[in-house]
Amino acid sequence: MTFRTRLLGIIVLMVAATVALVSWIVAGTTRRAFERMDDARTAALVGQFRREFDSRRAEVVRRVDGIANAPSTLQIAIDAGGPNPDLSRYVDQAKPLADAQGLDFLELVGNDGAIISSAQWPARFGYKEDWILDPAADWRRDRAFLDNVQLPDGDALALVSVGVVEAADKKLYVVGGERVDQQFLASLVLPAGMRVVLHRETGAAPAPVDRTLGPIIDRVRRERREAVETVGESAAAETIHAIPLLGRQNNLLGVLLVASSRRELAELVQLIRTIGFVAGGTGILVALVLAWWATARVTRPVQRLAEGARDVAAGNWNASVEVPSGDEIGALARAFNQMTHQLIEQRDRLLQAERVAAWRELARRLAHELKNPLFPLQITVENMKRARERYPDEFEEVFQESTATLLTELSNLKQIIGRFSDFAKMPPPELEQVDVNEVAERAMSLYRAQLGTPDRAPIVPRLELTGSLPPVEADPEQLGRALGNLVLNAIDAMPNGGTLTIRTGRNSSGVRIEVSDTGEGLTKEECERLFTPYYTTKAHGTGLGLAIVQSVVSDHKGKIAVESEPGKGTTFRIDLTAIQP
Amino acid sequence: MEMRERVVSLDPTDKAVPAAGLQMLIFDRLVRFDDSGRLQPGLAVSWQPDNDRKRWEFRLRPRVKFHDGYPLSAATVAGALQRLLAGTATVAASADSIVIQSDHAIPSLPAELALPAASIAARGPDGTLVGTGPFRVSRFDPARHLSLAAFEEYWAGRPFLDAVEIEMGRSPRDQFVDLQLGRADLVELSPSEMRPATERGTRSWNSAPVEVLALAFGQGHAPEDPRLREALALAIDRAAIHNVLLQRQGVANGALLPQWLSGYAFLFPNQMDLVRARQLVAELAPADRSLPLAYDPADAQARIIAERIAVNARDAGLSLQVTNQPRTELRLVRVRFTSLDPVAALAEISAGLGLPEARAIGSGRPELLYNAERSLLEGYKAVPLFDLPETYAAGPRVRMWLEPGISRMGWLQLADVWVEAVP
């Protein structure tokens, strides 16, 4: 992952997290605020419903009182209060009275609690309503109360009121009521978004009208007091006020569930959420674009610096980075450019110093090489001059001997000059398929004779050749010459004898040839300068042997390395690219 | 005049009881019962059986004419009766009499011939039904209206009334209102209108209790367990129904025949025994404690009585679903008997309640009749509740020599009634 991508991801992540946090805070705050408003609204709605319900109570009381105060009812009371009353004539009286007052239920009950007439169940005349005779009955305190009214096909929940008509010491009870059912509730003026559900306790297995209302109904059943809960989810959620409907004996007749829809709140929350998503998405998108632009601005100089560093690493020391900004990146770029500039200057100075050192070495070497043959030349010429002056008769003989010596030394000078000339005129290799094992064997056999000469300590030759090596494309003459130089170097490194090993093997890309000795080894500094032309650690070397080896290896697109430690010998390692089959 | 029933046919052979009262105005029978239950001459002036009562000879009244002017002949009478007695006896006509011959004793033949179903009717040349009664049919709109006109040549003398207009299908309440408003001179009275009618000084004519109100368990559909039927019979509070819903009209009765007709009805218990009823119900499986109770949807009084019975049944632990749908498991029915002869009346009631025909009644001796009735009521396949009278209210214009204007059996005596002209 690039620096720019990482930077872009971090910025986008931060923006997204910020947007999400802000949206969450705004949504939560708004929702709480609206929930408070909704609670207040629901409380107001429930209050309105209660007032409406209370007004219906008052209406029932008014209607029952209207019947109780009617002259016809008074006549019934008078007849009922007389001796041996015959009340059978009033058996049908309740129905028209109930119809006239718009009551669903009406019973005329005699002084003994027996039903004289029943509108809702005419056939029930004569049966007793004992509860009405209870002097401590709640109906005497509450003008309207809830009660289960018995019907032929069961019972019904009703808002009931009892009116009393007194005639002398006898009483006639007018028990009237209005059915409380969904139709009754539907007739109440309810605010929009509110619904009322009636759950009746029938004594049978509880069967809530709505499965979601079951828990709150159970709660009211247990606690016998009002409960408020929110049921449902999202737009279908409702705040439920569950009001227990208690009867005359404080028994639970049912539960009135006043539900206030939370649809508006849910829609508002959804709107806020949608706006949050849209704003967040837009913010993230904008942030993405801006971050793309910003990261491009920020990372472009860094990229240039990286490219410059790669160029320098690749050897292009002339690389420079242009960063016009004056910030830290600009300072870094300027430091980079200054660094490369200084590197170039140091390299040039080093090259110049090395060139001077090389020339000095060359001069020293030349002087050294040339001084050896020149000294005999000078002695010979002085001998010839002295012989001619002092021993003229023997001059001829001396002359002959001296000229022979002069020629010999001149030949040596010519040879020295030829070697330098050869190094300067190294020909290009003539490549062909070569088996490195053959080249190694040939090099070893070429110098095998020198290893066992009696004038020096014996050197044990050893060949460790790996079979079936792939051929390499090489000039066998130059490669053999390079190996020969390494063998000679190894021989020179072991004046006290040792083991000389030529080893072949595979490497990652081709073949490897190693030439090892068990001589005195080299220091680290010596290793670093070993391939410098005209550098030698030997007293009589030209310093061109390893330079020639490196030149040959380089011409064959190979690599040469040296591994040595003082006292542990030296190993030269040549890696060549094999011909791909 | 107004009536609740809707008569669709006046043909005596239809045996439609609702039409019986009207048939008595249009047709005659060979014999008739007086209010004491004795047979009196009708179209037959005398009748004589042989010793073993297999052969009966009826001498016909002379100079009797049908409404279309044709004289009553023995052949016409024989033909009418042969249709009635088909399979039971043969009817032969002579010059002025008819002979009814059977291969077994038929001691109750005169009583049977006094029934409205034994009315002598004939078809006129135009196909209209004619009789020999005091009134002839001038217009008949089935189930809606009947116009009768006085038969000038009636053998017992022309009726005082020139015509009678009868409106059918009027509810008891409408009839009472029409009577009060002077739109009708004679109406039927239901128990619920009885009290206000009396308080207003309206003249009312009551028959003897000639209608049996009873619960009838359907044959083949009745609950198999007799304990259920007995529990229901014991749960019913007849007194409350009689006092309140029937306004003390009629009598509570646990027998099929009314006390005034049989003399032994008091031997059949009709008191509520809720404790015993609950014991019986407790022995029933819960699933067997429920059944529907059907009533005639045209009978408003039957509905409230059925509902009251359901209330009583609930006290005993039974659940009755009152319905006006035609169900056969249990019905609240009214059976109107038309004969003053206990044997014939019991047969009518048994048939009306879906009970099997009474056996071994013989000549109608009380003990045999009692045993037969006891046998019929065993198993509570029917539960008699009340015997109800027929009640009419007459308007102030209605006059007659001797009130009431109906017979003990509830037949209107319109031939002796006249109406004062409106001043």
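## A tour of chain B: hairpin, rings and charges

Start with β5(B) and β6(B), which form a hairpin with three residues between them. The model on screen is predicted. Select residues 90-93 of chain B for strand β5, then residues 97-101 of chain B for strand β6. The two strands run antiparallel, and four bridges join them. Now pick Ala92(B): opposite this residue, in β6(B), stands Val99(B).

Next, the aromatic rings. Over all chains, a search of the whole structure finds 12 aromatic pairs. Select Tyr264(B) and Phe268(B). Their ring centres are 6.1 Å apart and their planes meet at 45°, so this pair is tilted. Tyr264(B) and Phe268(B) are both buried.

Are the two partners buried or exposed? Phe268(B) has a relative accessible area of 4%, under the 20% cut-off, so this residue is buried. Tyr370(B), at 21% relative accessibility, counts as partly exposed.

Arg374(B) lies over the face of Phe268(B), at 4.3 Å from the ring centre.

Move on to Trp47(B), Trp56(B) and Phe58(B). Ring pairs link these three residues into a cluster.

Finish where two chains meet in one selection: Arg308(B) and Phe125(A). Arg308(B) lies over the face of the Phe125(A) ring, 3.8 Å from the ring centre.

Note on methods: Residues numbered from 1 in each chain as written. Chains lettered and ligands numbered in written order. Predicted model: local features only at pLDDT ≥ 70, side-chain atom pairs only at ≥ 80, totals over all residues. Heavy atoms only, no water. Pairing = 2+ DSSP bridges. Phe/Tyr/Trp six-rings, centres within 6.5 Å; stacked < 30°, edge-to-face > 60°. Buried < 20%, exposed > 50% of the residue type's maximum accessible area, 1.4 Å probe, protein only. Lys NZ or Arg CZ within 6 Å of the ring centre and 35° of its normal.
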